[in-house]
Amino acid sequence: MPISKQDVVTAALQLERDGRKFYLEAAEKTSSPLAKQMFQSLADDEERHIEWIQGVAPSASSAKDVNQDLYK
C-alpha cells in the first residue's frame, strides 16, 4: 500500500512536535544557563520546522512531492 501525502505530513509533524517537547523538557531540567539556552533554541528550531512543513504540505500533490520538498 502506498504511503499517502497525509501520512508523510502527519509523521513529519509528529516528529517535530516530539523533538520540541523533548528539548523543552530538557531546558526545564538543566541547571546550566547555557544548556537551557541551547535547548530552548533547539525547541524554537522545531517550531519553525513545524511551520515550514505546514506551509509546504498544502502545495504538494503527493507523498513523493512532500518527501522531496522536505529534503531540498
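**Exercise 1. Is Arg20 buried or exposed, or does it fall in between?**

Solution. Arg20 has a relative accessible area of 22%. Buried means under 20% relative accessible area, exposed over 50%, and partly exposed in between (1.4 Å probe, protein chains only). Arg20 is therefore partly exposed.

Before you go on, two notes on the model. It is a predicted one, where local features need pLDDT of at least 70 and side-chain atom pairs count only at pLDDT 80 or more, while totals for chains, interfaces and linings use all residues. Residues are numbered from 1 along each chain as its sequence is written, and side-chain values use heavy atoms, with hydrogens and water left out.

**Exercise 2. Find the residue that forms a salt bridge with Arg20, and say which helices the pair links.**

Solution. Start with the cut-off: a salt bridge is a side-chain nitrogen of Lys or Arg within 4 Å of a carboxyl oxygen of Asp or Glu. The partner is Glu47, with the closest N and O atoms 3.3 Å apart. (Helices are DSSP runs of H or I, at least four residues, numbered from the N terminus.) Glu47, at 29% relative accessibility, is partly exposed.

**Exercise 3. How many salt bridges does the structure hold, and which ones sit within a helix?**

Solution. The count is three. Go to helix H1 and you'll find Glu25 and Lys21, four residues apart and so separated by about one helical turn. Their side chains meet at 4.0 Å, N to O. Lys21 is exposed at 53%, whereas Glu25 is partly exposed at 35%.

Now hop over to helix H2, where Arg48 and Asp45 are three residues apart, again about one helical turn. Here the N to O distance is 2.2 Å. Both ends come out partly exposed: Arg48 at 47% and Asp45 at 25%.

**Exercise 4. Work out which rings pair up, and how.**

Solution. The rule first: rings of Phe, Tyr and Trp (its six-membered ring) pair if their centres lie within 6.5 Å; planes under 30 degrees apart count as stacked, over 60 as edge-to-face and the rest as tilted. The structure holds two aromatic pairs. Phe22 and Tyr23 have ring centres 5.6 Å apart and planes at 70 degrees, so that pair is edge-to-face. Tyr23 and Phe39 have centres 6.4 Å apart and planes at 25 degrees, so that one is stacked. Put together, ring pairs link Phe22, Tyr23 and Phe39 into a cluster. Tyr23 is partly exposed at 21%, while Phe39 is buried at 19%.

**Exercise 5. Where does Thr30 sit, and what does Thr30 contact?**

Solution. Look in the loop between helix H1 (5-29) and helix H2 (33-56). Skip the neighbours within four places in sequence, and Thr30 is in contact (heavy atoms within 4.5 Å) with Ala35, Lys36 and Phe39.

Notes. Helix = DSSP H or I, 4+ residues; strand = E, 2+ residues; numbered from the N terminus.
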